[in-house]
Number of protein chains: 2
Amino acid sequence: MVSTNRYYLADRPDGVPDDDTFDLRTVELGDPGPGEVLVKIRYLSVDPYMRGRMDAGESYAEPWEVDEPLQGGGVGEVVNETGTEFEAGDTVVGNMSWSEYHLADADGLQRIETGALPVSTALGVLGMPGRTAYFGTREVLEPRAGDTVVVSAAAGAVGSVVGQLAKLQGARVVGFAGSDEKCEVVEEEFGFDACINYKTTDDYVEALAEAAPEGVDGYFDNVGGPITDAVFAHLNVDARVAVCGQIALYNAEETPTGPRKLGKLIETRARVQGLLVGDFAPRFEQATADLAEWVAAGDIEYRESVVEGIENAPDAFLGLFEGENIGKQVVKVE
Amino acid sequence: MVSTNRYYLADRPDGVPDDDTFDLRTVELGDPGPGEVLVKIRYLSVDPYMRGRMDAGESYAEPWEVDEPLQGGGVGEVVNETGTEFEAGDTVVGNMSWSEYHLADADGLQRIETGALPVSTALGVLGMPGRTAYFGTREVLEPRAGDTVVVSAAAGAVGSVVGQLAKLQGARVVGFAGSDEKCEVVEEEFGFDACINYKTTDDYVEALAEAAPEGVDGYFDNVGGPITDAVFAHLNVDARVAVCGQIALYNAEETPTGPRKLGKLIETRARVQGLLVGDFAPRFEQATADLAEWVAAGDIEYRESVVEGIENAPDAFLGLFEGENIGKQVVKVE
């Protein structure tokens with residue numbers, strides 16, 4: 001039996017979480033059952049995505065219930081002899097409650113191998129944030145030599161690694177961060193080519209025009225909101241946007257700015273890709289032949305709306321916005 | 001010499017174009033020069049994308065200048081013997097001004113081959129809209145048997161074809177259209193499984209829950225705005241969203257609803273794809289090994305912010321939203 005302080009979700013927040021959200025309770029943990037490991041926690045991770053778990057609605061992580069302990073990544077030491085693969089004194093990482101001690105399923109723990117690095121790196125550069133940067137950069141951002149890559153929350157656990165990985169690929173890397181001190185670290189320590197302090201900059205679009213004069217080929221978005229608005233304005237053709245976080249919006253009750261709903265893309269890993277038919281010009285002929293065949297076979301039906309007279313062309317055009325047409329709207333001139 | 005009426009851009013519209021936008025003038029066309037063809041126009045196409053050309057800002061089509069003739073796809077007959085590959089009487093399609101006669105570069109014209117179909121189909125199902133549907137469906141939407149596909153502007157030139165192509169692949173297809181009449185056509189003629197009349201429906205999210213109970217695997221977006229909002233709420237994992245048009249927004253001075261800036265994706269064909277690190281779980285080990293190596297080699301710098309004490313975990317968490325951390329924020333419990 002061990003006693004621990006542990007945080008519970010006291011109430012779901014409206015907007016920014018506050019005192020009413022969190023409830024610290026002292027609880028007694030029972031003895032570990034079969035397959036369970038008692039962990040004395042050393043480090044807990046707090047992450048933006050947790051805000052989503054406080055809401056009732058579905059997110060990419062399951063919502064917490066009110067009166068449920070808050071949870072997240074943690075590092076600690078195994079206390080007891082367990083009859084599992086873990087021994088007392090092992091340092092482990094896994095999902096822990098926000099508490100001093102945690103009874104964990106052995107299945108969910110990994111022994112930490114951080115070598116000469118402090119064990120807390122298992123929650124950072126070697127852990128979830130580092131891996132997020134690693135895969136996000138390789139699989140979505142795909143920076144190439146000569147690219148310009150923008151990273152929001154550039155001083156953060158994920159962004160700082162993303163920018164460096166992009167640099168290793170030969171990209172020019174521009175960060176957004178929230179203080180001059182951060183920007184100095186971003187530039188001097190993380191090696192970004194430029195950093196925009198978004199708290200002292202009025203016009204992000206203009207600032208980016210200077211910092212990324214050749215446009216943006218890759219954007220690693222951790223924040224959403226007006227920064228993302230500004231980056232979108234500079235996207236180059238075939239740009240890759242990795243939507244990794246939307247922290248600017250997690251507390252928002254409404255979303256006043258920025259491309260909205262991108263959080264949904266995290267949830268679904270949907271890709272959103274613009275379509276411009278001209279890209280496929282070399283294959284127009286085949287398309288027309290196929291379509292003609294399908295129409296002839298009755299597989300494709302079509303409609304046209306015809307407006308008569310050149311003088312009515314503006315009406316025909318405006319009618320599109322009123323939804324007056326069915327199928328293709330044309331103007332019959334003669 | 002031939003005289004023709006022709007529409008000019010009189011002024012750039014604010015919001016919805018009106019009478020002040022269009023100016024009909026009577027002009028004399030000179031004789032065709034070398035490589036030019038005089039075309040007596042039969043059909044002109046008007047398309048939503050043209051709204052973009054009326055604005056000064058860059059779009060995926062070049063902006064029109066004020067006092068420039070309005071232009072678009074047209075079908076007509078060659079009037080003169082030209083010394084080009086075209087002969088008088090040929091029916092051609094190409095870019096025409098909004099006029100009765102047009103002097104066209106022969107290079108930009110194609111002889112029409114619509115077979116038994118009316119020549120106007122060269123502007124519709126066999127033309128740009130049909131091809132847009134064809135490539136958009138094949139290359140972006142990629143409908144699969146058993147998928148649910150949603151199409152906005154389902155009664156339109158593009159949407160009607162998209163829905164049918166998706167049906168041919170075995171998808172369940174749900175359309176949005178703006179009248180009961182349209183919905184009847186969409187269901188009965190184009191064979192969609194369901195159609196939502198967005199003008200008589202209050203709650204699109206609820207309507208979709210009924211029409212697409214298994215969620216949305218593919219969304220072909222022609223409109224943007226609140227319909228797109230609602231579809232986003234139903235996206236399934238690995239959904240494909242083809243952003244083809246944003247007609248609901250083209251006249252908007254501000255964009256009050258819907259995912260915004262998606263028009264930019266059309267311009268750039270950027271893909272926006274959510275990222276969830278858990279997708280890459282089988283490769284975590286390699287990632288950690290690589291990261292450790294890079295950190296050891298000094299290729300990757302990292303920072304951590306440490307808050308001490310379990311009691312400060314909420315502050316550490318809230319601090320994320322205030323940007324108080326540099327690098328990975330952790331709570332040091334002991």
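Modeller: In chain A, the centres of domain 1 and domain 2, taken over C-alpha atoms, lie 30 Å apart. The domain assignment, whose bounds come from an automatic or database source, gives domain 1 as 2-123, domain 2 as 128-268 and domain 3 as 278-332. This is a predicted model, in which local features need pLDDT of at least 70 and side-chain atom pairs count only at pLDDT 80 or more, while totals for chains, interfaces and linings use all residues. Residues are numbered from 1 along each chain as its sequence is written, chains are lettered from A and ligands numbered from 1 in the order in which they are written, and side-chain values use heavy atoms, without hydrogens and water.

The contact (heavy atoms within 4.5 Å) draws 128 residues from chain B and 128 residues from chain A. About 12,000 Å² is buried between chain B and chain A, with carbon and sulfur atoms giving 66%; buried area is the accessible area (1.4 Å probe) that two parts lose on being put together, summed over both.

Two salt bridges cross the interface of chain B and chain A, the criterion being a side-chain nitrogen of Lys or Arg within 4 Å of a carboxyl oxygen of Asp or Glu. On the side of chain B that touches chain A, helix α2 (residues 128-141) of chain B gives the most, with eleven residues. Helices (H or I, at least four residues) and strands (E, at least two) are DSSP runs, numbered from the N terminus. That side of chain B comprises 71 nonpolar, 23 polar and 34 charged residues. Here Ala, Val, Leu, Ile, Met, Phe, Trp, Tyr, Cys and Pro count as nonpolar, Asp, Glu, Lys and Arg as charged, and the others, Gly among them, as polar.

One salt bridge pairs R283(B) with E139(A), at 3.0 Å from N to O. R283(B) sits in the loop between β13 (271-274) and α9 (284-296) of chain B, and E139(A) in helix α2 (residues 128-141) of chain A, so the pair joins two chains. R283(B) is partly exposed at 37% relative accessible area, and E139(A) is partly exposed at 31%; buried means under 20%, exposed over 50%, and partly exposed in between (1.4 Å probe, protein chains only).

Within chain B, R25(B) and D67(B) form a salt bridge with closest N and O atoms 2.4 Å apart. This pair links distant parts of the chain, 42 residues apart, with R25(B) in strand β2 (residues 22-29).
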